[in-house]
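Thanks for coming. Please have a look at the chain on the screen before I go through it.

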Amino acid sequence: MPPSPSSHTPEPTTEPTTQVIQISRLSFLACGLLLLAVLSPAMAWPAAFSWMLVIPFLVAAWVLRVRTVVGPDGVVARATFSTTKIGWDSLKGIRFPKRGWARATLTDDTEVALPVVTFGRLPQLAEASGGRITDPYAAAREAQLAEAENESNDDGDVISDTPADTESDPDSK
């Protein structure tokens with residue numbers, strides 16, 4: 001049973017919200033470790049390896065840039081060097097290849113990569129799309145809730161986790 005709403009609980013909304021799907025900020029830790037890794041050769045022989053110091057900063061810029069924004073107006077896919085805006089009327093479907101990020105199929109049968117979007121992000125996509133993209137997990141959740149409700153209505157008995165013949169003094173037995 002969900003907890004009762006309080007004054008701190010936001011009101012549920014039926015209108016779609018904007019979702020930003022991006023690479024985890026924990027990736028900056030990897031950028032720092034990469035900086036430490038390239039720092040040693042750059043300090044040992046600066047004339048040959050100092051150019052390598054730019055690599056961790058390029059990776060950090062890539063982590064900041066790459067994202068997919070899904071909102072009421074459509075989808076915005078920001079890749080490394082390009083930004084593609086897709087309206088809901090031009091979106092035909094979404095395909096999830098075995099490897100890599102999802103691909104949006106447009107009405108003209110072209111495909112656009114959706115950075116950072118994986119199959120596990122479908123609930124976020126469905127919420128932000130306002131029902132334009134279906135959530136396969138929602139059907140499974142609703143079926144489980146219906147099954148649990150049917151079981152509780154059929155039994156009618158309340159099952160307790162504690163045995164009925166417990167005493168307060170365990171040494172009296």
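Predicted model: local features only at pLDDT ≥ 70, side-chain atom pairs only at ≥ 80, totals over all residues.

Residues are numbered from 1 along each chain as its sequence is written, and side-chain values use heavy atoms, with hydrogens and water left out.

The chain has five helices and seven strands. Both are DSSP runs numbered from the N terminus: helices are H or I with at least four residues, strands are E with at least two. From the N terminus, the order is β-α-α-α-β-β-β-β-β-β-α-α. Of the 173 residues, 21% are buried; buried means under 20% relative accessible area, exposed over 50%, and partly exposed in between, with a 1.4 Å probe and protein chains only. As for contacts, meaning heavy atoms within 4.5 Å, 42% of those with a separation of 6 or more join residues 24 or more positions apart.

Now the sheet. Three strands form an open antiparallel sheet in the order β5-β6-β7. Strands count as paired if DSSP finds at least two bridges between them. β5 and β7 are the edge strands, each pairing on one side only, and the twist from one strand to the next averages 30 degrees. Strand β5, residues 91-95, pairs with β6, residues 102-106, over four bridges. Four bridges also join β6 to β7. R103 of β6 is the bridge partner of R95, and R103 also stands opposite A113 in β7. The hairpin of β5 and β6 has six residues between the strands, and G100 there takes a positive phi near 95 degrees.

Next, T68, which is in strand β2, residues 67-71. Is T68 buried or exposed? T68 counts as buried because its relative accessibility is 0%. A polar atom of the T68 side chain lies 2.6 Å from the backbone oxygen of P115. Beyond four places in sequence, T68 touches several residues, including Q19, V76 and V117.

Last, the core. A nonpolar core is a set of buried Ala, Val, Leu, Ile, Met, Phe, Trp, Tyr and Cys residues joined through side-chain atoms within 4.5 Å. The largest one has 21 residues, and V70, I86 and W88 are among those with the most contacts inside it. β3, β6, β7 and α4 each supply at least two residues of this core. Beyond four places in sequence, I86 is in contact with residues including V75, A104 and L114.

Technical notes:
Polar contact = N/O pair within 3.5 Å; in protein donor to acceptor, adjacent residues only side chain to side chain. Axes fitted to C-alpha atoms, helices over the stretch in contact; angles between N-to-C directions.
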